[in-house]
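Me: I've got a protein structure to look at and I'd like to go through it in questions and answers. Can you help me read it?

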Amino acid sequence: GEGLLWAGNPRLASEMEASIDHPALGALASDNQTVIYLGKDSRVLGAVTVADGVRTTSAAALNALRLSGVKRIVMMTGDREPVALRIGEELGLPPEDIHADMLPEDKVCMVGELAASGKVAFVGDGVNDAAALARADVGIAMGAAGSDVALQAADVALLSEDMEQLAKAHDLARRTARIIRQNLAFALIAMA
C-alpha cells in the first residue's frame, strides 16, 4: 500500500519513529563509514554504507595553507564521529580539531567561538553550510555550481571542488593584498 519512503541518517529514522536497534544495523553503524537507513513509514527496510574518500590533493592543500600562515584548521561535519576521525586522520588533523555529528547551527556556534580568537574563513559546499558561511569573516563556497543558497551566503565562490584551488585562492588573495598595500604606500609617497 501507500506509505512514505525515506532514506537518511539516524536522526531522520528517529523522526520517522523507526527503530534502528537491530544487530545487523548495529554492526554497520560500528564501522567508520556513513550509514544511510532506508525505510517506509516507521519501519526500517534496510541500510547501506557509503564511504567518503579523501581527494588525493586535499592533504597537500591543507599543508600548503598551513605553510602560507593559516594557524588552525578545524574540520566540522554532520557525519558520525568514527567517519570524521578516519577522514580527519587522512588529512593530518589532530582529533581535537575534528568535530562530528554537527547540525548547521552547531557549525555557526563554533565559527562564532573561533572568531573570538581571530579571523575565521569557513569553507563549505552546500545548503547546510549557508549560515556558517555567512557568520564567518570570509565564507568560501567550494564546488559552488551546486547550491544557490551557499553561493548567496559566501564571500568567495570556487567552482572547483579541488582543495588545491583553495590553497591557490588563498595565495592569490595574499599576493593581491600585498600589491594593494605596496601601491597604496607608493600613492601616499607620491602625494606627499
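Reply: Helices (H or I, at least four residues) and strands (E, at least two) are DSSP runs, numbered from the N terminus. The model is predicted, so local features need pLDDT of at least 70 and side-chain atom pairs count only at pLDDT 80 or more, while totals for chains, interfaces and linings use all residues. Residues are numbered from 1 along each chain as its sequence is written, and side-chain values use heavy atoms, with hydrogens and water left out.

Me: Are α3 and α8 roughly parallel or roughly antiparallel to each other?
Reply: The two helices pack with their axes 7 Å apart, at an angle of about 15 degrees. Angles under 35 degrees count as roughly parallel, over 145 as roughly antiparallel, 65 to 115 as roughly perpendicular and the rest as oblique. α3 and α8 are therefore roughly parallel.

Me: Which class gives eight residues to the contact of α3 with α8?
Reply: Contact means heavy atoms within 4.5 Å. On the α3 side we have S58, A60, A61, L62, A64 and L65, and on the α8 side M163, E164, L166, A167 and H170. Ala, Val, Leu, Ile, Met, Phe, Trp, Tyr, Cys and Pro count as nonpolar, Asp, Glu, Lys and Arg as charged, and the others, Gly among them, as polar. Two residues here are polar and one is charged, and the class with eight is nonpolar.

Me: How many residues does the largest nonpolar core have?
Reply: Such a core is a set of buried Ala, Val, Leu, Ile, Met, Phe, Trp, Tyr and Cys residues joined through side-chain atoms within 4.5 Å. Buried means under 20% relative accessible area, exposed over 50%, and partly exposed in between (1.4 Å probe, protein chains only). L62, L65, M75, L93, M163 and L166 have the most contacts inside the largest core, and its residue count is 17.

Me: Which strands do the buried residues of α4 pack against?
Reply: V83, A84, R86, I87 and G88 are the buried residues of α4. Their packing partners are β2 (34-40), β4 (75-76) and β5 (98-99).

Me: Is D41 buried or partly exposed?
Reply: D41 is in the loop between β2 and β3 (43-50). Its phi is near 55 degrees, which is positive in a residue other than glycine. With a relative accessible area of 35%, D41 is partly exposed.

Me: And D101, where is it placed?
Reply: D101 isn't a glycine, yet it has a positive phi of about 55 degrees. At a relative accessible area of 40%, D101 is partly exposed. Its place is the loop between β5 and α5 (104-115).

Me: What separates the C-alpha atoms of E96 and I189?
Reply: E96 is in the loop between α4 and β5, and at 56% relative accessibility it counts as exposed. Along the chain, E96 and I189 are 93 residues apart, and their C-alpha atoms are separated by 48 Å.

How values were computed
Axes fitted to C-alpha atoms, helices over the stretch in contact; angles between N-to-C directions.
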